Amino acid sequence: MSLRFSVRLAALSIALFLPVFLPAQQPDPLHTASRQELNIIKVLLAQENAWNKGDLAGYVNGFKDSPDTLFITHQIFRGFAGLLDEYKHDYPNRAAMGTLSFSDLEVHPLDENFAVVTGKYRVERSKKDGGNADGLFSLVFENTDNGWKIVVDHTT
């Protein structure tokens, strides 16, 4: 991992966890989204759409194809290469995938190349296919040559 990437990752980590130590603020309900925010939301909507079609390859297209991409759940997965395989393992068929929806999305631009997104997810599926699941996520997006891509995904 390059020193430049390590410094950026450290700065992004601080940006992710700093709000935990600050007083809670209500989001501005009349906020007009910037082009950057809209482009990031489009990535999430495309992921939601791909998931609900059973298209895991389309879903992981929202992630940066890099060995530095991080996916944090009950453990830490590093790199894009195994991401699709991990999803196929965890969601072996369309029924196990259920129907995904995102809500309470907030985009927090850090600069023209990075942004943090927080939100909630819900997966609805039958009890025999794993039951419903929901939780919170925080994502770090990078503006790449291929558009906005997730470089860190922390999902609870």
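**Close-up views of a predicted model**

**View 1. Surroundings of Tyr-87.** Leaving aside neighbours within four places in sequence, Tyr-87 is in contact (heavy atoms within 4.5 Å) with Trp-51, Leu-56, Tyr-59, Val-60, Phe-63, Phe-71 and Asp-153. This is a predicted model, in which local features need pLDDT of at least 70 and side-chain atom pairs count only at pLDDT 80 or more, while totals for chains, interfaces and linings use all residues. Residues are numbered from 1 along each chain as its sequence is written, and side-chain values use heavy atoms, with hydrogens and water left out.

**View 2. The largest nonpolar core.** A nonpolar core is a set of buried Ala, Val, Leu, Ile, Met, Phe, Trp, Tyr and Cys residues joined through side-chain atoms within 4.5 Å, where buried means under 20% relative accessible area (1.4 Å probe, protein chains only). The largest such core has 27 residues, of which Tyr-59, Phe-63, Tyr-87, Val-117 and Phe-141 touch the most other members. At least two residues come from each of several elements, including helix 3 (56-60), helix 4 (83-90) and strand 5 (133-144), and helix 2 gives the most, with five residues.

**View 3. The chain as a whole.** Five helices and six strands make up the chain's elements, taken as DSSP runs (helices H or I, at least four residues; strands E, at least two) numbered from the N terminus, and their pattern along the sequence is α-α-α-β-β-α-α-β-β-β-β. Of the 156 residues, 37% count as buried.

Technical notes: Buried < 20%, exposed > 50% of the residue type's maximum accessible area, 1.4 Å probe, protein only.
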